[in-house]
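Visitor: Please show me the structure, and then take me through it by question and answer.

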Amino acid sequence: MSNKKKRQIIKDVLTYIFLTLLGILMIYPLIWMFFSSFKSNNEIFGSLRLLPEHVIWDSFYRGWNSGQFTYSLYFKNTFMLVIPVVLFTLISSTLVAYGFARFTFPMKGALFSIMISTLMLPNAVIIIPRYILFNRFGWLNSYKPFTVPSIFACHPFFIFMLVQFFRGLPKELDESATIDGCNSFTTLVRIHMPLIKPALFSAAIFQFIWTWNDFFNSLIYINSVKKYTISLALRMSLDTAAAANWNEILAMSTLAILPSVLIFFFAQKYFVEGIATTGIKG
Amino acid sequence: MKGHVNSKKKKRQYIGLLYILPWILGFLIFQLYPFISSFIYSFTNYNMTSNTEFIGLKNYIDIFTKDSQFYNSLKVTIFYVFMAVPMKLIFALIIAMILNIKLKYVNFYRTIYYLPSILGGSVAVAVLWRFLFADSGLVNEILSFFGIPKIGWLSNPKIALFTISLLTVWQFGSSMVIFLAGLKQIPKELYEAATVDGVSKAGMFFTITLPLLTPIILFNLIMQMIIAFQEFTGSFVITNGGPMKSTYLYAMKLYDEGFLFMKMGYASALSWVLFTVILVCTALIFKSSEYWTYYEDGGQY
């Protein structure tokens, strides 16, 4: 019996060692990126050391101020794009999800199936006419190609996710709210929204991080450097870094992922919940 | 009384339509219209400058007979999908199985493994990959520390695509979380009964865990495949399609034709070829899944 216990302990220890080594392997690149932004350019390559031999402090300052505009502008631009997209997505997806989850109306089944199938519709097949359409609207080189579709609930992932949460709320809630004099909209705002707060929260962080990291759409819709988001600015720095200011690029990359990492650690509970309920993306 | 309830119900039905109205409009304008018009554009020479003419099947004929980069990018993309998606899912499944054992600190490990998933698509991480796998980058330095000769992770045309796939596999966290949720759903009684019957651990994996997990494997497989077929940022930022077009993924080809050369009619035709390939692959997986997925309720979900 004690022999069996011993074997169990050894097994547990081995599992922990494996999981820890894997964990180090997984995040070592990110740690390396952070410390390398303090290294001198010739120490970034050809060295095994994690910590810099001579700490370079000004790579952040120089990287931030390199080029025609500073990263203050790119960060500001990214926030100007991301925040409205997140807010509009939350509002429109909540309304639509509420409609699907709580009411019976003609063609509901068909419409819901269409909504689900657009989850699998490859973006590649609609991107060119979308570009032509936005060009005709005069929306190119603005953030409207991002914000307007989010007003019209064009992110079915979040509708689906919120529908799942709405379905978990008992229907009796609606009935008693109606008796108390709520109409369907006040029921949503006063009764349902407080209850699905965790879901709204996880939808918000997912949309924040996805929009923050988006590259392809920014690349095709935005063409003046003045409107560049961080993704585009980073790519530009990478292309124009003729003198190979690698530490500056790594410093800016570190700053670029910082908001996502911070949000992730502060709100990781919502992340895992969100992805496990819907089981999509990523 | 009954009539009153019915009329009230009917009233509510239309309010439901009002709530989903934003989506209906968004779907029609930003999804259905582009979907149909990209099909129409694919039969034209649309290029935003000269007059647009219908040219019949010419785009498609050119794609299949004149465009050598088409075959290359399709081949590269299929290799990429077949390499990255199974690696990612197998890895995700193995780690999910390990984390499903009763251990302390599981949440901590789950968080750490999940972190790369949220950063994976960003330019910053692609930049990082470019540094790590450079010829004298960290990975090669580690290899040479162990006496292994340097590898041209990004400079060798035979290996570069594999290096890009590693970036995809690195983001196994989200699939892992989905597998983990699936594993938690498997009733413990099944394993207890199997233990009583003297079934080995490996036997339990193949007779209980794997069959009950097949619907989730199917789901993960299809979603990851659709995403992988459209991969862009990795190859665009890390290798820019090189060396020798060995990482020239289909999405890059599409970008070059449509947004660099502005041959939008041609690019629309390319996008429909990709759509067809994705559709055929999805259909094949669905068709084959009849033989390898198991539903407790007989598939009526």
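Guide: Helices (H or I, at least four residues) and strands (E, at least two) are DSSP runs, numbered from the N terminus. This is a predicted model, in which local features need pLDDT of at least 70, side-chain atom pairs count only at pLDDT 80 or more, and totals for chains, interfaces and linings use all residues. Residues are numbered from 1 along each chain as its sequence is written, and chains are lettered from A and ligands numbered from 1 in the order in which they are written.

Visitor: Which residue with positive phi follows helix 9 of chain A?
Guide: Helix 9 of chain A covers residues 172-179. The residue that follows helix 9 has a phi near 95°, and is A:Gly181.

Visitor: What is the count of buried residues in helix 9 of chain A?
Guide: A residue is buried if 20 or more other C-beta atoms, placed from the backbone, lie within 10 Å of its own; it is exposed at 12 or fewer and partly exposed in between. Helix 9 of chain A is hardly covered, and among its eight residues the count is zero.

Visitor: At what angle do the axes of helix 4 and helix 11 of chain A cross?
Guide: Axes are lines fitted to C-alpha atoms, for helices over the stretch in contact, and angles run from 0 to 180 degrees between N-to-C directions. The axes of helix 4 (residues 71-102) and helix 11 (residues 197-213) of chain A come within 9 Å, and the crossing angle is roughly 145°.

Visitor: How many residues of the contact of helix 4 with helix 11 of chain A are nonpolar?
Guide: Two residues are in contact if their C-beta atoms, placed from the backbone, lie within 7 Å. Ala, Val, Leu, Ile, Met, Phe, Trp, Tyr, Cys and Pro count as nonpolar, Asp, Glu, Lys and Arg as charged, and the others, Gly among them, as polar. Helix 4 of chain A contributes residues including A:Leu81 and A:Val85, and helix 11 of chain A residues including A:Ala204 and A:Phe208. In this contact six are polar, no residue is charged, and the nonpolar ones number ten.

Visitor: Which helix of chain B gives the largest share of the side that touches chain A?
Guide: The chains meet through 74 residues of chain B and 71 residues of chain A. On the chain B side, 21 residues come from one element, residues 2-41, which is helix 1.

Visitor: What is the radius of gyration of chain B?
Guide: This radius is taken over C-alpha atoms, and the globule rule is 2.2 Å times the number of residues to the power 0.38. For a compact globule of 301 residues the value would be near 19 Å, but chain B has 25 Å.
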